[in-house]
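Let's take a walk through a protein model together. Keep the sequence and the 3D view open as you read.

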Amino acid sequence: MGDVSRRFIFIGLVIFLLGGLVAFQEARVSTGQRPVILRVPGLLEPRVLEEPRLERYYRDCGHREPIPLPAGIKWNWAGNEELSILFPPPEGWRITREGERLVITQEVDGLCPADAPKRHLAVKDGLVAIYQGPAGSLGPLMRVTNLKFTSLPPSWREKIENGQAEFNSEQEVLEALDSLDEFRP
């Protein structure tokens, strides 16, 4: 047997062994086990060591909400390129690290589901206005009433100024405004 034949046999054996190691790692990952960490930089080393945390950040209220991880993705073998395809930055996704763990956050406009039904009163152009979301949030203006802020009793003016005129639903805020009917012009 010549040198060329031995080299081909050796290369074939190395390829066979590496293929077996890769198949072994894939089998461990697909069954939910952590892969065996082999320190061969760039070859068999997993790129993401812990399952990432996915969350949605709502800009209008500042709350974060966990999102379930998509099924079928092998996180231990995902690199930056694969993650940027799955979570494209133009759609508001941002990938950061907390130690060994990736945190993948999607920033969206609007209020979180818990704050969306809430309403609060504030002042707009001297009139009482109803805003969506909890007091202090950047929720959208729902409507401006014809009720002058200065005509309200001091206790209501103080509540509105201090961000304490918050209600859990549209119905609650309407009931509160009905109780203030006597102060309408």
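Is arginine 59 buried, partly exposed or exposed? With a relative accessible area of 37%, arginine 59 is partly exposed. For these words, buried means under 20% relative accessible area, exposed means over 50%, and partly exposed is in between (1.4 Å probe, protein chains only).

## Before we start

This is a predicted model, so local features need pLDDT of at least 70 and side-chain atom pairs count only at pLDDT 80 or more, while totals for chains, interfaces and linings use all residues. Residues are numbered from 1 along each chain as its sequence is written, and side-chain values use heavy atoms, with hydrogens and water left out.

## The overall layout

The chain has four helices and eight strands. Helices (H or I, at least four residues) and strands (E, at least two) are DSSP runs, numbered from the N terminus.

The chain is 185 residues in length, and 30% of them count as buried. A contact means heavy atoms within 4.5 Å. Among contacts in the chain with a separation of 6 or more, 47% are between residues 24 or more positions apart.

## Opposite charges that pair up

Side chains of opposite charge can pair when their charged atoms come close. A salt bridge here is a side-chain nitrogen of Lys or Arg within 4 Å of a carboxyl oxygen of Asp or Glu. How many salt bridges does the structure hold? The structure holds nine. One of them joins arginine 59 to glutamate 107, at 3.5 Å from N to O. Arginine 59 sits in the loop between strand S1 (53-58) and strand S2 (64-66), and glutamate 107 is in strand S4 (residues 101-108), so this pair ties together parts that are 48 residues apart in sequence. Glutamate 107 is partly exposed, at 23% relative accessible area.

Another bridge links arginine 143 and glutamate 170, whose closest N and O atoms are 3.3 Å apart. Since arginine 143 lies in strand S7 (residues 141-148) and glutamate 170 in helix H4 (residues 170-178), the pair ties together parts that are 27 residues apart in sequence. Both partners are partly exposed: arginine 143 has a relative accessible area of 34%, and glutamate 170 has 25%.

There is also a network of salt bridges linking Arg53, Glu55, Arg64 and Glu98. Within this group, glutamate 55 and arginine 64 bring their closest N and O atoms to 2.9 Å. Glutamate 55 is buried, at 8% relative accessible area, whereas arginine 64 is partly exposed, at 46%.

Find glutamine 106 in strand S4. Is glutamine 106 buried or exposed? Glutamine 106 counts as buried, because its relative accessibility is 12%. Its side chain reaches the backbone oxygen of glutamate 91 at 3.1 Å. Leaving aside residues up to four places away in sequence, glutamine 106 touches Glu55, Arg56, Tyr57, Glu91, Gly92 and Trp93.

## The nonpolar cores

In soluble globular proteins, nonpolar side chains tend to be buried together. A nonpolar core is a set of buried Ala, Val, Leu, Ile, Met, Phe, Trp, Tyr and Cys residues joined through side-chain atoms within 4.5 Å. The largest one has 14 residues, and those with the most contacts inside it are Leu121, Val128, Leu152, Trp156, Ile160, Phe167 and Leu177. Strand S6 (127-132), helix H3 (154-161) and H4 each give two or more residues to this core. H4 supplies the largest share, three residues.

Another core lies apart from that one, with seven residues, among them Leu54, Phe87, Leu102 and Ile104. Leucine 54 belongs to strand S1 and is buried, with a relative accessible area of 3%. Leucine 54 and isoleucine 95 are 41 residues apart in sequence and 9.4 Å apart in space, C-alpha to C-alpha.

Lysine 159 lies over the face of tryptophan 156, at 4.6 Å from the ring centre. A charge sits over a ring if NZ of Lys or CZ of Arg is within 6 Å of the ring centre and within 35 degrees of the ring normal.

Aspartate 125 is in the loop between strand S5 (119-124) and S6. Aspartate 125 is exposed, with a relative accessible area of 72%. Its phi is near 55°, a positive value in a residue other than glycine.

Definitions and conventions. A polar contact is a pair of N or O atoms within 3.5 Å; within protein, one must be able to donate a hydrogen and the other to accept it, and residues adjacent in sequence count only if both atoms are side-chain atoms.
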